[in-house]
Amino acid sequence: MEFISELWRRALATQPPPAPGTTAIIGAVALAAVLLAWPLVRLLVTVCHEAGHAVIATLVGRRLRGIRVHSDTSGLTVSRGRPTGPGMVATLFGGYPTASVVGLGAAWLAGAGHAAGLLWLMVVLLALMLLKIRNVYGALVVVGLGAAVGLASWYAPPVVLGWIAIGLAWLFLLAGPRPVVELLFRHAPGSDAAQLAGLTRVPKVVWNLVWLFVTVGALLAGALLLFPGFAPWP
């Protein structure tokens, strides 16, 4: 009980967000990671991507069978239900924007001083995702991420928690558009966009452009949350 009480206290504690200069430096480091360490960053994006499929599938009433994350940074989420219709369309659509949505939420929480709460929320979500992981590599990835975030949340001083939270927000926001851009220039018959085109008769390039609009829009909105002094509202 004492451990749970202490955990709850830490999760609800607030930390002042970093200064704008520090936030900019952290953003530059995150951009360098996206450009220079893409296989590792893409693995994080894949975890978000498959989690997005899983969450939407559950929300629309499909039966989630399992999630796989592979060593080549690809992933697969399997659900049962009608193979056509709005539910299937929503499930397929939900993968690519998820990393950007996570980044936007992280920017909002970190900018509001809830860095610790953000990190513990990520641990909880990863634990829930682990229940549906169906391959060893995917389980190791999710456990490793959860352990790293949990240990940082427990041992890092408040100022470092703020840096980590801002870094994760930047990382997801900056990484979100890249898989969409790659998909635009890649022939992938079994991709989410190709499956959506087959279900809706809307060309796959349109779905790619919608995802690009959403991910870039999330990046811009997240930047305004991380730099509130530049926002066009009071």
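I looked up the second largest pocket and found a volume of about 520 Å³. The model is predicted, so I note that local features need pLDDT of at least 70, side-chain atom pairs count only at pLDDT 80 or more, and totals for chains, interfaces and linings use all residues. Residues are numbered from 1 along each chain as its sequence is written, and side-chain values use heavy atoms, with hydrogens and water left out.

**Pockets**

A pocket here is an open set of points on a 1 Å grid over the protein atoms alone, where a 1.4 Å probe fits, with protein on both sides within 12 Å along at least five of seven lines; lining residues have an atom within 4 Å of a point. Volume is the space filled by probe spheres set on the points, which are joined across faces, edges and corners.

For the second largest pocket I find a lining of 25 residues, and H49, E50, H53, G75 and D192 lie nearest its centre. Helix 3, strand 2 (75–80), helix 4 and helix 10 (192–200) each give two or more residues to that lining. Helix 3 supplies the largest share, six residues. Helices (H or I, at least four residues) and strands (E, at least two) are DSSP runs numbered from the N terminus. I sorted this lining into seven nonpolar, 13 polar and five charged residues. Nonpolar covers Ala, Val, Leu, Ile, Met, Phe, Trp, Tyr, Cys and Pro, charged covers Asp, Glu, Lys and Arg, and the others, Gly among them, are polar.

I then turned to the largest pocket, with a volume of about 1,000 Å³. Its lining has 40 residues, with C48, V102, M122, L125 and L126 nearest the centre. Helix 3 again gives the most, here ten residues. By class I noted 34 nonpolar, five polar and one charged.

**Helix contacts**

I checked helix 4 (residues 86–93) against helix 11 (residues 204–226): their axes come within 12 Å and cross at roughly 55°. Axes are lines fitted to C-alpha atoms, for helices over the stretch in contact, and angles run from 0 to 180 degrees between N-to-C directions. That makes helix 4 oblique to helix 11. Angles under 35 degrees count as roughly parallel, over 145 as roughly antiparallel, 65 to 115 as roughly perpendicular, and the rest as oblique. V89, L92 and F93 of helix 4 make the contact (heavy atoms within 4.5 Å) with W207, V210 and W211 of helix 11. I count six nonpolar residues there, no polar and no charged.

**Aromatic pairs**

My search of the whole structure gave four aromatic pairs (rings of Phe, Tyr and Trp, its six-membered ring, with centres within 6.5 Å). The rings of Y96 and W211 have centres 4.7 Å apart and planes at 40°, so I list the pair as tilted; planes under 30 degrees apart count as stacked, over 60 as edge-to-face and the rest as tilted. Y96 lies in the loop between helix 4 and helix 5 and W211 in helix 11, so the pair ties together parts 115 residues apart in sequence.
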